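Please read them with the structure open beside you.

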Amino acid sequence: MTGFPQLRLRRLRRTQPLRALVRETRLEVGDLVYPLFIVEGSGLKQEIASMPGIFRYSVDLLPQEVEEIAKLGIPGVLLFGIPAHKDEAGSQAYHPKGVVQQAIQAIKKAVPELIVVTDVCLCEYTSHGHCGIVVDGQINNDQTLPLLARTALSHAEAGADIVAPSDMMDGRVKSIREALEGGGFHDTLILSYAAKYASAFFGPFRDAAESTPQFDDRRSYQMDPANWREALREVEQDIAEGADMVMVKPALAYLDVIHAVRDNFNYPLVAYNVSGEYAMVKAAAKCGWLDERQVTLEILTAIKRAGADIIITYHAKEVAQWLPTT
Ligand code: PBG
Ligand code: ZN
């Protein structure tokens, strides 16, 4: 006998304790990483218009902020720098006293156990807003690699636990791994933004980081949203070059890609619940059209169900307050 009435799937859903007992996916604060934007200057805490509740902080205000993050049980932060001066070569990205390098030191001093992940890219630092060096109007892959490696090494020297290249140049993981080994940083982890798509969901981030490309777009280096097999090749390549963890980004519109990567690779898998995903929820909630808490928990649980181990999310602080403490 396999059919109704012997079989009643609703038996498993009758009460809250039963539902909890058979729950397949659990979202925990320990899964979350919170992004932080850091600006030069002092005493600055500027709200980002398209990302309500998210601020750009100057380095002097970071200790207080990271203490709060750590108290909430959030295990790590992801740092983005917004320099005062941008140039063609993005030189502030790898300056030993750059804004991110200073931020890493300040955070490690305030809360040594907080995991510091750094975004490694040039777009916040270049005058043209591209993730690589521009030569003859093109984004030059190979000339960008040494600058990314230098940037990652400078983050490791400042005390970063994990460097996360987001530029999508070919060969960057290899260059970064070689630079880290050369500098004696054998234990610095590389989290590669392996399958990163040319997505319109990054819009609010570019307001926050002032990193909108000044000509063309990022489609010659970020992936076509129509492709998932190619994502597996990107992940395979980055793992071969020495990545310790891999990322799929964005998350919500790419759950199938997360699932495919989970099925094919045994590496820690990170999903980035990006700025546009956050902004959509915030905007609808503000209009009273969605229940922010329920929708956010549903989205993040779905990202885990698809196969992500770790989620980078602007909602991390709120989620930490919403989830039951374990
Ligand atoms: C930099 C970078 C971007 C994001 C993370 N790192 C922007 C981009 O590639 O244009 C997007 C993050 C978000 O939208 O929340 N390369
Ligand atoms: Zn970039």
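1. A residue on the surface. D136 is exposed, with a relative accessible area of 75%, where exposed means over 50%, buried means under 20% and partly exposed lies in between, all with a 1.4 Å probe and protein chains only. D136 sits in the loop between β6 (133–135) and β7 (138–140), helices (H or I, at least four residues) and strands (E, at least two) being DSSP runs numbered from the N terminus. Its phi is near 50 degrees, which is a positive value in a residue other than glycine.

2. Basis of the comments. This is a predicted model, in which local features need pLDDT of at least 70 and side-chain atom pairs count only at pLDDT 80 or more, while totals for chains, interfaces and linings use all residues. Residues are numbered from 1 along each chain as its sequence is written, chains are lettered from A and ligands numbered from 1 in the order in which they are written, and side-chain values use heavy atoms, with hydrogens and water left out.

3. Another positive phi. M168 has phi near 70 degrees, again a positive value in a residue other than glycine, and its place is in the loop between β8 and α5. M168 is buried, with a relative accessible area of 5%. After α5 comes G184, where phi is positive and near 85 degrees.

4. The zinc site. Which protein atoms are donors of the zinc ion (ligand 2)? They are the SG atoms of C121, C123 and C131, which lie 2.2 to 2.3 Å from the ion; donors are N, O and S atoms within 2.8 Å of the metal (3.2 Å for Na, K and Ca), and because water is not among the atoms, sites may look incomplete. The site has four donor atoms with angles of 98 to 120 degrees among them and is tetrahedral, a term applied to four donors if all angles lie between 85 and 135 degrees. The donor residues follow the spacing C-x1-C-x7-C in sequence. Of these cysteines, C123 is buried at 6% relative accessible area, and C131 is also buried, at 0%.

5. Helices α4 and α5. Helix α4 (residues 141–158) packs on helix α5 (residues 172–182) at an angle of about 45 degrees, with the axes 8 Å apart; axes are lines fitted to C-alpha atoms, for helices over the stretch in contact, and angles run from 0 to 180 degrees between N-to-C directions. That angle makes α4 oblique to α5, since angles under 35 degrees count as roughly parallel, over 145 as roughly antiparallel, 65 to 115 as roughly perpendicular and the rest as oblique. L145, L148, A149, A152, L153 and A156 of α4 meet R172, S175, I176, A179 and L180 of α5, contact being heavy atoms within 4.5 Å.

6. Surroundings of α5. The buried residues of α5 are R172, V173, S175, I176, R177, A179 and L180, and they pack against β5 (115–120), α4, β8 (162–165), β9 (189–196) and α7 (229–241).

7. Helices α7 and α8. These two helices pack at an angle of about 45 degrees with their axes 10 Å apart, and they are therefore oblique to each other. Their crossing is right-handed, and A231, L232 and V235 in α7 meet V257, A260, V261 and N264 in α8. A240 is also found in α7 and is exposed, with a relative accessible area of 67%.

8. Q101, in helix α3 (residues 99–110), is buried with a relative accessible area of 2%. Not counting residues up to four places away in sequence, Q101 touches Q92, A93, Y94, H95, P96, S154, H155 and A158. K317 lies in helix α11 (residues 316–322) and is buried at 14% relative accessible area; with the sequence neighbours left out in that way, K317 touches Y34, E65, E68, I69, L72 and I74.

9. Cis peptide bonds. F4 and P5 are joined by a cis peptide bond with omega of about 10 degrees, and P5 is in the segment before α1 (16–21). The bond from K249 to P250 is cis too, with omega near -10 degrees, and P250 lies in the loop between β10 (245–249) and α8 (255–264).

Terms used
Four donors count as tetrahedral if all angles lie between 85 and 135 degrees; four count as square planar and six as octahedral if opposite donors are over 155 degrees apart and all others between 65 and 115; anything else is irregular. A crossing is left-handed if the near helix is turned anticlockwise from the far one by less than a right angle, and right-handed if clockwise.
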